[in-house]
Amino acid sequence: MKNKLFSIKNNIHLYPALSGVILGLSRLPIHLGSLVFFAFIPLLYFFLEQRKKKEILVAAAAFASAYTLVSLHWISLVTFPGYLGVFALFTAYFYIVFQTYYFIKQQNLKYGYLAFILVWISFEYLQNFGEFSFPWFNLGYSLVDYLPFLQPLEIGGLALLSLLILVINILLFELKTNLKRNITIISVIIILWSAYGIIRLKTINLTKTDFNASIVQVSIPQDKKWEKLYKDSTFTLYKNFSFKAAEETTDLIIWPESATPVYLLRNVKYRKWILDLAQDLETNIFTGFPHYIYAGEDYPNRFRFYNSATLIGKNREVYVPYYKNILVPFGERIPFLKYFPFLWNIHLGQANWEYGEKLEYYTINDYKFSPMICFEIAFPLLTTEMAKNDVDFIVNVTNDAWFHRSAGTYQHVSMTKFRAIETRTQIYRAANTGYSVIVSPTGEFLKTTELFEKDTINNSLYIYEYNSCFTKYFFWFPIVFEVGAGTLLVYSIIKWLLSRKRKLQKET
């Protein structure tokens with residue numbers, strides 16, 4: 001009786017939980033990314049039977065909880081209340097995803113698998129929008145260790161990788177139905193997919209330029225970063241390691257997010273200090289820093305604060321600062337402050353930065369670049385916009401000290417590969433405690449630091465002379481899935497309404 005009670009058949013939520021565990025494991029730095037091709041098999045098995053709304057809710061909670069525990073445990077290092085909130089948020093998300101898929105499947109059984117693909121990829125894409133935006137849950141990120149498999153990003157972005165992954169999951173799930181046919185199709189997909197990647201890695205034509213950029217990583221401990229007693233030693237470290245970086249030929253030295261623990265452009269002493277340093281180095285410096293402007297009368301605070309970065313020219317010029325456009329929900333700003341002013345009174349340790357409203361572009365020696373700060377590397381829409389404006393490279397400044405040595409640090413830096421390949425643009429990523437990396441337009445890490453080491457890295461700029469297909473033509477590809485899912489949903493609703501009408505007519 002006990003064995004029967006705890007068997008997987010009698011605990012239906014174990015199927016979606018197992019899918020969540022497998023998917024979570026595929027995102028960890030343990031080189032098991034190929035598990036993503038099997039992750040949805042238990043979940044699809046769960047949906048073979050008729051399910052009530054309550055069962056689907058339990059399935060969503062089980063799936064979300066398992067994935068969050070395995071893959072997103074590092075959020076608890078930053079904010080434990082926020083980590084608990086992720087459980088609730090993802091449960092709500094996946095209930096909508098599962099319920100939408102199940103509803104369409106019930107009305108149109110022959111479109112069940114198509115509905116699953118359309119709804120899932122729509123969910124991934126919609127994570128890019130709104131004040132709760134957190135596009136961490138994309139299937140393609142599991143393949144970070146397999147560089148050839150990433151090359152189709154230049155065609156269809158993450159949506160194309162998700163499509164291929166989901167198709168393989170479905171074919172594996174249906175092996176019993178047609179073993180020979182499905183194995184053949186899977187083999188063809190894998191062969192063509194890997195062949196395309198291998199060929200592109202060997203044939204893509206990159207131009208090595210005479211431009212060099214350096215990254216400085218001095219690994220300031222997070223608990224020391226804002227202490228007044230540690231301020232002077234922080235500036236000394238950046239000065240010394242910048243001189244070390246300048247020993248190699250370099251046109252730009254990049255410091256990480258909030259590298260200067262002062263309001264740099266408002267502080268006369270340290271503003272002069274960095275201008276003098278750039279002049280002495282005879283090199284441009286790009287750095288992150290906090291900034292504020294006066295807010296005006298009709299505003300809850302006297303100042304508007306921004307997570308910022310800018311270029312300090314070797315000619316003592318201070319360029320227009322870039323204000324971070326996309327903020328981490330709760331970590332950097334309480335959502336919906338604009339609509340519910342009383343939320344300003346809630347203090348959870350967040351900074352409540354303001355949103356930047358545009359990208360900024362800078363030019364050094366005729367080479368154009370645009371910056372992004374920390375979390376923004378997760379948003380393909382930003383890097384695609386930069387690439388459309390013909391940037392030669394992208395600078396990403398970040399501070400991952402919050403994540404310590406957890407999977408969060410690995411997941412975050414991994415995203416640079418995807419953005420580089422999608423746009424075929426080189427990325428220089430400067431992180432306070434690492435990983436700092438220089439990523440080729442092919443997605444290869446040209447140079448990288450270790451976590452928590454003090455070091456500098458330098459590399460020439462490589463340029464791909466053309467816009468990628470994704471940047472130029474197929475940036476809209478994810479919208480195909482939104483339209484497809486919406487069309488199927490509307491069709492299913494109409495079909496359901498007509499069915500109810502006929503049923504009522506029979507009863508009367």
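## Asn 458 and its surroundings

Leaving out residues up to four places away in sequence, Asn 458 touches Asn 212, Ala 213, Ser 214, Glu 248, Thr 249, Thr 250, Ile 438 and Lys 447. The model in which these contacts occur is a predicted one. Asn 458 belongs to strand E12, which covers residues 455-464, and with a relative accessible area of 6% Asn 458 counts as buried.

Two polar pairings involve the side chain of this residue. The side chain of Asn 458 makes a polar contact with the side chain of Ser 214 at 2.8 Å, while the backbone oxygen of Thr 249 lies 3.3 Å from a polar atom of the Asn 458 side chain.

## The six-stranded sheet

Strand E12 is part of an open sheet of six strands, which follow the order E5-E4-E3-E2-E1-E12 with mixed pairing. Strand E5 (322-323) and E12 stand at the edges, each with a single partner strand, so one side of each is left without a neighbour in the sheet.

Within the sheet, strand E1 (residues 206-217) and strand E2 (residues 252-254) run parallel and are joined by three bridges. Ile 215 stands opposite Ile 254 of E2.

## Strand E8, covered on both faces

Strand E7 (residues 367-373) pairs with E8 in the parallel sense over five bridges, and Pro 371 has Val 395 of E8 as its bridge partner. Six of the six residues of strand E8 (residues 393-398) are buried, so E8 is largely enclosed by the rest of the structure.

In a regular strand, side chains alternate between the two faces of the sheet. For E8, Phe 393, Val 395 and Val 397 lie on one side and Ile 394, Asn 396 and Thr 398 on the other, and with all of them buried both faces are covered.

## The largest pocket

The largest pocket has a volume of about 1,300 Å³. Of the 39 residues that line the largest pocket, Val 78, Val 328, Phe 330, Gly 331 and Glu 332 are the closest to its centre. Helix H5 (75-78), helix H6 (80-107) and strand E4 (303-312) are the elements that give two or more residues to this lining, and H6 gives the most, with six residues.

By class, the lining of the largest pocket divides into 24 nonpolar, eleven polar and four charged residues.

## Enclosed cavities

The structure holds two cavities of 30 Å³ or more. About 70 Å³ of space lies in the largest cavity, which is lined by 13 residues, with Ser 26, Arg 27, Tyr 141, Val 144 and Tyr 410 nearest its centre. The lining of the largest cavity comprises five nonpolar, six polar and two charged residues.

The second largest cavity has a volume of about 40 Å³, and its lining is made up of Leu 23, Arg 27, Tyr 67, Trp 136, Phe 137, Asn 138, Leu 139 and Ser 142. Five of these lining residues are nonpolar, two are polar and one is charged.

## Glu 154, a buried acidic side chain

Glu 154 lies in helix H9 (residues 153-173) and is buried, with a relative accessible area of 4%. The side chain of Glu 154 makes a polar contact with the side chain of Tyr 196 at 2.4 Å. Apart from its neighbours within four places in sequence, Glu 154 is in contact with Tyr 196, Arg 200, Ile 421, Glu 422, Arg 424, Ser 468, Cys 469 and Phe 470.

## Backbone geometry in the loops

Most residues other than glycine have a negative phi, and most peptide bonds are trans. Ser 219, in the loop between E1 and helix H11 (231-245), has a positive phi near 55° and is buried at a relative accessible area of 7%. Ser 258, in the loop between E2 and helix H12 (268-281), likewise has a positive phi, of about 45°, and is buried at a relative accessible area of 8%.

The peptide bond from Gly 434 to Tyr 435 is cis, with omega near -5°. Tyr 435 is found in the loop between strand E9 (426-431) and strand E10 (437-439).

Key: Residues are numbered from 1 along each chain as its sequence is written. This is a predicted model: local features need pLDDT of at least 70, side-chain atom pairs count only at pLDDT 80 or more; totals for chains, interfaces and linings use all residues. Side-chain values use heavy atoms; hydrogens and water are left out. On a 1 Å grid over the protein atoms alone, a cavity is a set of points where a 1.4 Å probe fits but cannot get out, and a pocket is an open set with protein on both sides within 12 Å along at least five of seven lines; lining residues have an atom within 4 Å of a point. Grid points are joined across faces, edges and corners, and a volume is the space filled by probe spheres set on the points. Helices (H or I, at least four residues) and strands (E, at least two) are DSSP runs, numbered from the N terminus. Ala, Val, Leu, Ile, Met, Phe, Trp, Tyr, Cys and Pro count as nonpolar, Asp, Glu, Lys and Arg as charged, and the others, Gly among them, as polar. Buried means under 20% relative accessible area, exposed over 50%, partly exposed in between (1.4 Å probe, protein chains only). Contact means heavy atoms within 4.5 Å. A polar contact is a pair of N or O atoms within 3.5 Å; within protein, one must be able to donate a hydrogen and the other to accept it, and residues adjacent in sequence count only if both atoms are side-chain atoms. Two strands pair if DSSP finds at least two bridges between them.
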